[in-house]
Amino acid sequence: MRLIFLGAPGAGKGTQAVYLCEKYAIPQISTGDMLRKAVKEGTELGRQAKAIMESGGLVSDDIIIGLMRERLAQPDCGRGYILDGFPRTLAQAAGLDAMLGKDGIQRVLLFDVPETVILTRLTSRRTCSQCGKIFNMISNPPPADLVCPDCGGRFIQRDDDSEATVLNRLRVYEEKTAPLKGYYEKQNKLAILRGDAPLDRIHREMDDLVAPLVQ
Ligand code: AMP
(Lines give C-alpha, C1' and ligand atoms only; values in the text may rest on other atoms or scores of the structure.)
Protein backbone atom coordinates (compact mmCIF):
# COMPACT_ATOMS: atom_id res chain seq x y z
CA MET A 1 0.00 0.00 0.00
CA ARG A 2 1.67 3.20 -1.18
CA LEU A 3 -0.28 6.29 -0.20
CA ILE A 4 0.19 10.03 -0.02
CA PHE A 5 -1.65 12.09 2.57
CA LEU A 6 -2.13 15.61 1.29
CA GLY A 7 -3.60 18.63 3.05
CA ALA A 8 -2.73 21.90 4.69
CA PRO A 9 -0.67 21.88 7.88
CA GLY A 10 -3.05 20.91 10.67
CA ALA A 11 -5.49 19.09 8.38
CA GLY A 12 -4.93 15.92 10.43
CA LYS A 13 -2.63 14.02 8.06
CA GLY A 14 -0.36 12.75 10.83
CA THR A 15 -3.19 11.72 13.12
CA GLN A 16 -5.11 9.91 10.36
CA ALA A 17 -1.94 8.23 9.10
CA VAL A 18 -1.39 6.59 12.48
CA TYR A 19 -4.75 4.79 12.14
CA LEU A 20 -3.93 3.15 8.79
CA CYS A 21 -0.25 2.56 9.58
CA GLU A 22 -1.15 0.60 12.72
CA LYS A 23 -3.88 -1.31 10.93
CA TYR A 24 -1.67 -2.36 8.01
CA ALA A 25 1.71 -2.39 9.81
CA ILE A 26 3.35 0.04 7.40
CA PRO A 27 5.55 3.04 8.26
CA GLN A 28 4.32 6.61 8.37
CA ILE A 29 6.97 8.68 6.64
CA SER A 30 6.85 12.31 7.69
CA THR A 31 9.45 14.65 6.22
CA GLY A 32 8.55 17.14 8.98
CA ASP A 33 9.43 14.55 11.67
CA MET A 34 12.66 13.64 9.85
CA LEU A 35 13.69 17.30 9.63
CA ARG A 36 12.80 17.99 13.29
CA LYS A 37 14.96 15.02 14.30
CA ALA A 38 17.86 16.37 12.23
CA VAL A 39 17.47 19.80 13.87
CA LYS A 40 17.43 18.21 17.34
CA GLU A 41 20.54 16.14 16.57
CA GLY A 42 22.31 19.18 15.11
CA THR A 43 23.25 17.43 11.84
CA GLU A 44 24.25 19.36 8.71
CA LEU A 45 20.72 18.86 7.35
CA GLY A 46 19.27 20.12 10.61
CA ARG A 47 21.44 23.23 10.51
CA GLN A 48 20.27 24.00 6.98
CA ALA A 49 16.60 23.35 7.75
CA LYS A 50 16.20 25.07 11.15
CA ALA A 51 15.64 28.71 10.13
CA ILE A 52 13.49 27.74 7.14
CA MET A 53 11.21 25.62 9.32
CA GLU A 54 10.92 28.33 11.97
CA SER A 55 9.72 30.80 9.34
CA GLY A 56 7.22 28.32 7.87
CA GLY A 57 8.97 28.17 4.47
CA LEU A 58 9.95 25.04 2.56
CA VAL A 59 13.29 23.23 2.60
CA SER A 60 14.76 22.91 -0.91
CA ASP A 61 13.35 20.29 -3.26
CA ASP A 62 16.78 18.74 -3.91
CA ILE A 63 17.42 18.15 -0.20
CA ILE A 64 13.96 16.72 0.41
CA ILE A 65 13.99 14.45 -2.64
CA GLY A 66 17.43 13.13 -1.62
CA LEU A 67 16.16 12.48 1.91
CA MET A 68 13.15 10.57 0.60
CA ARG A 69 15.20 8.54 -1.86
CA GLU A 70 17.25 7.23 1.07
CA ARG A 71 14.23 6.66 3.29
CA LEU A 72 12.17 4.76 0.71
CA ALA A 73 15.09 2.41 0.09
CA GLN A 74 14.92 1.15 3.71
CA PRO A 75 13.64 -2.42 4.16
CA ASP A 76 10.61 -1.40 6.25
CA CYS A 77 9.12 0.28 3.17
CA GLY A 78 8.86 -3.04 1.34
CA ARG A 79 5.20 -3.58 2.29
CA GLY A 80 4.22 0.01 1.61
CA TYR A 81 4.02 3.33 3.43
CA ILE A 82 2.09 6.50 3.97
CA LEU A 83 3.85 9.71 2.94
CA ASP A 84 2.84 12.52 5.28
CA GLY A 85 3.99 16.01 4.33
CA PHE A 86 5.71 14.91 1.12
CA PRO A 87 5.47 15.82 -1.72
CA ARG A 88 4.84 19.50 -1.07
CA THR A 89 5.70 20.96 -4.47
CA LEU A 90 5.18 19.92 -8.09
CA ALA A 91 8.95 19.34 -8.41
CA GLN A 92 8.85 16.93 -5.44
CA ALA A 93 5.87 15.08 -6.96
CA ALA A 94 7.71 14.71 -10.26
CA GLY A 95 10.83 13.60 -8.38
CA LEU A 96 8.80 10.96 -6.54
CA ASP A 97 7.26 9.66 -9.77
CA ALA A 98 10.72 9.40 -11.32
CA MET A 99 12.02 7.60 -8.21
CA LEU A 100 9.23 5.02 -7.95
CA GLY A 101 8.81 4.20 -11.64
CA LYS A 102 6.09 1.65 -12.27
CA ASP A 103 5.56 0.88 -8.56
CA GLY A 104 4.15 4.34 -8.09
CA ILE A 105 1.77 5.83 -5.61
CA GLN A 106 -1.64 4.12 -5.68
CA ARG A 107 -3.84 6.67 -3.94
CA VAL A 108 -3.63 10.27 -2.74
CA LEU A 109 -5.95 11.19 0.13
CA LEU A 110 -6.52 14.92 0.47
CA PHE A 111 -7.81 16.05 3.87
CA ASP A 112 -9.83 19.20 3.33
CA VAL A 113 -10.35 21.48 6.36
CA PRO A 114 -11.51 25.14 6.45
CA GLU A 115 -8.73 27.60 7.20
CA THR A 116 -10.37 28.96 10.37
CA VAL A 117 -10.51 25.44 11.84
CA ILE A 118 -6.85 24.89 10.95
CA LEU A 119 -5.72 28.07 12.63
CA THR A 120 -7.44 27.09 15.89
CA ARG A 121 -6.21 23.51 15.66
CA LEU A 122 -2.57 24.39 15.10
CA THR A 123 -2.24 27.15 17.65
CA SER A 124 -3.77 24.84 20.28
CA ARG A 125 -1.69 21.80 19.24
CA ARG A 126 0.83 20.38 21.70
CA THR A 127 3.46 17.89 20.57
CA CYS A 128 5.67 15.55 22.57
CA SER A 129 9.22 16.86 22.17
CA GLN A 130 10.57 13.30 22.16
CA CYS A 131 8.19 10.98 20.27
CA GLY A 132 6.00 13.47 18.38
CA LYS A 133 2.68 12.30 19.89
CA ILE A 134 0.02 14.97 19.37
CA PHE A 135 -2.60 16.40 21.75
CA ASN A 136 -4.82 19.44 21.45
CA MET A 137 -5.56 21.88 24.27
CA ILE A 138 -9.20 22.24 23.13
CA SER A 139 -10.35 18.89 21.74
CA ASN A 140 -7.96 16.39 23.33
CA PRO A 141 -5.83 17.94 26.10
CA PRO A 142 -2.54 16.34 27.17
CA PRO A 143 -2.09 15.12 30.78
CA ALA A 144 -2.05 18.02 33.26
CA ASP A 145 1.66 17.50 34.05
CA LEU A 146 2.42 17.75 30.29
CA VAL A 147 4.36 14.47 30.45
CA CYS A 148 3.88 12.12 27.49
CA PRO A 149 2.11 8.88 28.55
CA ASP A 150 3.99 6.94 25.83
CA CYS A 151 7.61 7.99 26.33
CA GLY A 152 7.85 10.34 29.33
CA GLY A 153 8.84 13.31 27.10
CA ARG A 154 7.43 16.80 27.61
CA PHE A 155 4.57 18.28 25.61
CA ILE A 156 5.50 21.59 24.00
CA GLN A 157 4.12 23.98 21.41
CA ARG A 158 6.15 23.55 18.24
CA ASP A 159 8.01 26.77 17.30
CA ASP A 160 6.20 26.78 13.97
CA ASP A 161 2.73 26.44 15.56
CA SER A 162 2.73 30.12 16.64
CA GLU A 163 0.04 32.18 14.90
CA ALA A 164 2.38 34.22 12.66
CA THR A 165 4.20 31.14 11.41
CA VAL A 166 0.98 29.18 10.91
CA LEU A 167 -0.37 31.97 8.68
CA ASN A 168 2.81 31.82 6.62
CA ARG A 169 2.64 28.02 6.40
CA LEU A 170 -0.93 28.29 5.11
CA ARG A 171 0.15 30.83 2.49
CA VAL A 172 3.00 28.57 1.39
CA TYR A 173 0.58 25.63 1.23
CA GLU A 174 -1.82 27.50 -1.07
CA GLU A 175 0.97 28.66 -3.34
CA LYS A 176 3.24 25.59 -3.54
CA THR A 177 1.31 22.52 -2.40
CA ALA A 178 -2.33 23.09 -3.42
CA PRO A 179 -1.41 22.66 -7.14
CA LEU A 180 -0.67 18.99 -6.38
CA LYS A 181 -4.41 18.44 -6.27
CA GLY A 182 -4.64 18.95 -10.04
CA TYR A 183 -1.47 16.90 -10.58
CA TYR A 184 -2.93 13.80 -8.88
CA GLU A 185 -6.43 14.39 -10.23
CA LYS A 186 -4.95 14.01 -13.72
CA GLN A 187 -3.41 10.70 -12.61
CA ASN A 188 -6.84 9.58 -11.33
CA LYS A 189 -5.41 9.00 -7.86
CA LEU A 190 -7.01 11.79 -5.86
CA ALA A 191 -9.68 11.25 -3.19
CA ILE A 192 -10.93 14.18 -1.10
CA LEU A 193 -12.07 13.65 2.50
CA ARG A 194 -13.50 16.18 4.93
CA GLY A 195 -10.76 16.39 7.53
CA ASP A 196 -13.05 18.00 10.11
CA ALA A 197 -15.66 15.19 10.01
CA PRO A 198 -16.07 12.92 13.08
CA LEU A 199 -13.14 10.51 13.46
CA ASP A 200 -15.18 7.34 12.95
CA ARG A 201 -16.48 8.69 9.65
CA ILE A 202 -12.97 9.59 8.46
CA HIS A 203 -11.76 6.10 9.44
CA ARG A 204 -14.63 4.49 7.52
CA GLU A 205 -13.92 6.56 4.43
CA MET A 206 -10.21 5.75 4.58
CA ASP A 207 -11.01 2.03 5.02
CA ASP A 208 -13.29 2.08 1.96
CA LEU A 209 -10.66 3.84 -0.12
CA VAL A 210 -7.74 1.56 0.71
CA ALA A 211 -9.56 -1.78 0.98
CA PRO A 212 -9.36 -2.38 -2.81
CA LEU A 213 -5.57 -1.99 -2.60
CA VAL A 214 -5.18 -4.93 -0.20
CA GLN A 215 -5.52 -8.48 -1.47
P1 AMP B 1 5.26 19.41 8.90
O2 AMP B 1 5.55 18.73 10.20
O3 AMP B 1 4.93 18.44 7.81
O4 AMP B 1 4.23 20.50 9.02
O5 AMP B 1 6.63 20.11 8.45
C6 AMP B 1 7.24 21.10 9.23
C7 AMP B 1 8.18 21.95 8.37
O8 AMP B 1 9.21 21.14 7.79
C9 AMP B 1 7.52 22.62 7.17
O10 AMP B 1 6.88 23.84 7.51
C11 AMP B 1 8.72 22.82 6.25
O12 AMP B 1 9.51 23.91 6.66
C13 AMP B 1 9.52 21.55 6.47
N14 AMP B 1 9.10 20.47 5.53
C15 AMP B 1 8.45 19.31 5.86
N16 AMP B 1 8.21 18.57 4.77
C17 AMP B 1 8.73 19.27 3.72
C18 AMP B 1 8.77 19.04 2.32
N19 AMP B 1 8.24 17.94 1.77
N20 AMP B 1 9.36 19.99 1.54
C21 AMP B 1 9.91 21.10 2.07
N22 AMP B 1 9.88 21.38 3.38
C23 AMP B 1 9.30 20.49 4.21
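1. A helix here is a DSSP run of H or I covering at least four residues, and helices are numbered from the N terminus. With that in hand, welcome to this predicted model.

2. Gly57 places a backbone N or O atom 2.5 Å from a ligand oxygen, while a polar backbone atom of Val59 sits 3.1 Å from a nitrogen atom of the ligand. From Arg158, a polar side-chain atom lies 3.3 Å from a ligand oxygen. On its own the ligand has 480 Å² of accessible area, and the protein covers 96% of that.

3. Next, please look at helix α1, residues 13-24. Its end C-alpha atoms are 16 Å apart, in agreement with the 16 Å that 12 residues should span at 1.5 Å a residue. Just after α1, Ala25 has a positive phi of about 50 degrees.

4. Which residues of α1 are buried? They are Lys13, Gly14, Gln16, Ala17, Leu20, Cys21 and Tyr24. These residues cover an arc of only 160 degrees around the axis, so they lie on the same side of α1. In general, an α-helix has 3.6 residues a turn, so residues three or four places apart point the same way.

5. Finally, what covers the buried residues of α1? The cover includes strands β1 (2-6), β2 (28-30), β3 (81-84) and β4 (107-112), along with helix α9 (199-210).

Key. Residues numbered from 1 in each chain as written. Predicted model: local features only at pLDDT ≥ 70, side-chain atom pairs only at ≥ 80, totals over all residues. Heavy atoms only, no water. Helix = DSSP H or I, 4+ residues; strand = E, 2+ residues; numbered from the N terminus. Expected span 1.5 Å × (residues − 1). Buried < 20%, exposed > 50% of the residue type's maximum accessible area, 1.4 Å probe, protein only. Arc of directions from axis to C-beta. Contact = heavy atoms within 4.5 Å. Polar contact = N/O pair within 3.5 Å; in protein donor to acceptor, adjacent residues only side chain to side chain. Areas by Shrake-Rupley, 256 points an atom, 1.4 Å probe, with all protein chains shown as cover.
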